[in-house]
Amino acid sequence: MDAPRSDARAGGEPLVAVLLTWFLPGAGHLYLGRVAQGVVAFVVVGGMYWLGVKLAGGMTFEFLDPELRGAFSVALTPEVGNLGGLIWQMRSHGFGDPGYVPHPYPSGIWIGSLLAALSGLANMALMVDAHFSARAGAERRPGLSPAVFVVAGWAVPGLGHLLQGRVLRGVIVAVLLIGLFALGTVLSEGANLSRERHFYYWGAQLMCGLPAVLTEFVSGRPPVSGSMPYIDFGLTFGAMAGLLNAVVLMDVFAWQESKLLGRDPVADREKHRNRHRSAEVEIGESAA
Amino acid sequence: MIGYLAYVVLFAIGTLPIVVVTSFLSHADDRGAFRDLPRRAMVFVGSCIALAAALVLMGLYVG
């Protein structure tokens, strides 16, 4: 017999809302009955992807070396957050020129490539909002969606915490992650800023938000001028700054989620950790 | 020698944000997160040393 449907999910199933949004920006919000948000999300996020592909002439994935091109090689790009857009791009443009004949990129490829990637990240924020809205339902307290704080924390590492009033944590995150990205850029002498040169590292680094985006466009992606003894560290640090910011955003999300559900964020996290520990003990005991 | 020292310093710099951020994710309160830092740092550095030693030994004796 099916479990009774709780009031908390009266708005819709969270998984359905997320999957709809993943395939079509705004569709999850339409499913949840939030028509205006769904339409705006579709126009803005879908439009960003379309404009990005047009500006880049559909050539963004030509940045990938031919031997790296495969069925799943775009699964690690930020664009995968907007799966519908990515499928459309792959069907209409694929990896670009199949003959690998050298030809110039269009002048808009950098901004176009960035727009499509940002569309993927923006759609992930929409997925976060759709999932939480469906899950919280009638239990939701007044307050800004966790997705708002997640977007702020993406834009400037630490800003999500600052907006939540967690000043010390926000400052530490900002200093550590922006500092790590800056050090990575210095060690790699700016080589990390070019998506063409370091395709996947660039994708990870984009999670560091505006510091990464602005540095790329202000520097104009400097050319390689000589040997770079610490480039491995530089690329790793840049990518680490972005990936660690993704971990930070989970903390930001969890705090706001607990608040909006009327729970104590500290006790909530403690409960999660204890549950995790007892699961580990159970696994250890069963293995023994 | 300077090169090896630089690698150790860069490793230490990379360790700091990893340990701090994961501690923040594990503890919603700042005090709990800071209290857990030394243990996390030791586990992380110890694990990296063990992994590096295993890789070096494999490089010497396997294949």
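This is a predicted model: local features need pLDDT of at least 70, side-chain atom pairs count only at pLDDT 80 or more; totals for chains, interfaces and linings use all residues.
**Entry 1**

I began with the UniProt record. Its unreviewed entry places the feature "transmembrane region" at residues 12-32, 38-56, 108-132, 144-162, 168-187, 199-218 and 230-253 of chain A. I then looked up two of these spans in the model. Residues 108-132 of chain A are 96% helix and 0% strand, and their end C-alpha atoms are 36 Å apart. For residues 230-253 of chain A I noted 96% helix and 0% strand again, with 35 Å between the end C-alpha atoms.

**Entry 2: Thr21(A)**

Next I picked a residue in helix H1 of chain A, which covers residues 14-23: Thr21(A). Is Thr21(A) buried or exposed? Thr21(A) has 0% relative accessibility, so I wrote it down as buried. I also asked which residues Thr21(A) is in contact with, leaving aside its neighbours within four places in sequence. They are Gly26(A), Gly28(A), Asn123(A), Leu126(A), Met127(A) and Ala130(A).

**Entry 3: Arg195(A)**

I moved on to a loop. Arg195(A) sits between helix H8 (167-187) and helix H9 (199-205) of chain A. I found Arg195(A) buried, at 1% relative accessible area. Its side chain makes a polar contact with the side chain of Ser113(A), at 2.8 Å. Setting aside neighbours within four places in sequence, I listed the contacts of Arg195(A); among them are Thr60(A), Phe61(A), Glu79(A), Trp110(A) and Trp202(A).

**Entry 4: helix H10 of chain A**

Which residues of helix H10 (residues 210-219) of chain A are buried? I found Pro211(A), Ala212(A), Val213(A) and Glu216(A). The cover over the buried residues of H10(A) includes helix H5 (109-136), helix H6 (146-155), H8 and H9 of chain A. After H10(A) comes Gly220(A), and I noted that its phi is positive, near 70 degrees.

Glu216(A) came up again when I turned to charges. Its side chain forms a salt bridge with that of Arg221(A), at 2.9 Å from N to O. I checked both partners: Glu216(A) is buried at 4% relative accessible area, and Arg221(A) is buried at 17%.

**Entry 5: salt bridges**

A reminder to myself: side chains of opposite charge can pair when their charged atoms come close. How many salt bridges are there over all chains? The count is 11.

One of them joins Asp251(A) and Arg269(A), whose closest N and O atoms are 2.8 Å apart. Asp251(A) lies in helix H11 (residues 231-260) of chain A and Arg269(A) in helix H12 (residues 265-287) of chain A, so this pair ties together parts that are 18 residues apart in sequence. Both ends are out of the way: Asp251(A) counts as buried at 2% relative accessibility, and Arg269(A) is buried at 10%.

In chain B I looked at Arg39(B) and Asp36(B), whose side chains meet in a salt bridge at 3.0 Å, N to O. Here Arg39(B) is partly exposed at 44% relative accessibility, whereas Asp36(B) is buried at 11%. I also traced a network: salt bridges with shared partners join Arg166(A), Arg169(A), Asp251(A), Arg269(A) and Asp30(B).

**Entry 6: where the chains meet**

I found 21 residues of chain B in contact with 25 residues of chain A. About 2000 Å² is buried between the two chains, and carbon and sulfur atoms give 77% of this area. Which three residues supply more than any other three of the area that chain B buries against chain A? They are Leu10(B), Leu25(B) and Ala28(B), which supply 30%.

How many salt bridges cross the interface of chain B and chain A? I found 1. Arg169(A) and Asp30(B) form a salt bridge, with their closest N and O atoms 2.8 Å apart. I also noted 7 residue pairs in polar contact across the interface.

Last, I looked at which elements of chain B give two or more residues to the side that touches chain A: they are helix H1 (2-26) and helix H2 (30-35). H1(B) gives the most, with 15 residues. By residue kind, the side of chain B that touches chain A has 15 nonpolar, 4 polar and 2 charged residues.

Definitions and conventions
Residues are numbered from 1 along each chain as its sequence is written. Chains are lettered from A and ligands numbered from 1 in the order in which they are written. Side-chain values use heavy atoms; hydrogens and water are left out. A salt bridge is a side-chain nitrogen of Lys or Arg within 4 Å of a carboxyl oxygen of Asp or Glu. Buried means under 20% relative accessible area, exposed over 50%, partly exposed in between (1.4 Å probe, protein chains only). Helices (H or I, at least four residues) and strands (E, at least two) are DSSP runs, numbered from the N terminus. Contact means heavy atoms within 4.5 Å. UniProt positions are given in the numbering used here, feature names are shortened, and annotations may be inferred rather than shown by experiment. Buried area is the accessible area (1.4 Å probe) that two parts lose on being put together, summed over both. A polar contact is a pair of N or O atoms within 3.5 Å; within protein, one must be able to donate a hydrogen and the other to accept it, and residues adjacent in sequence count only if both atoms are side-chain atoms. Ala, Val, Leu, Ile, Met, Phe, Trp, Tyr, Cys and Pro count as nonpolar, Asp, Glu, Lys and Arg as charged, and the others, Gly among them, as polar.
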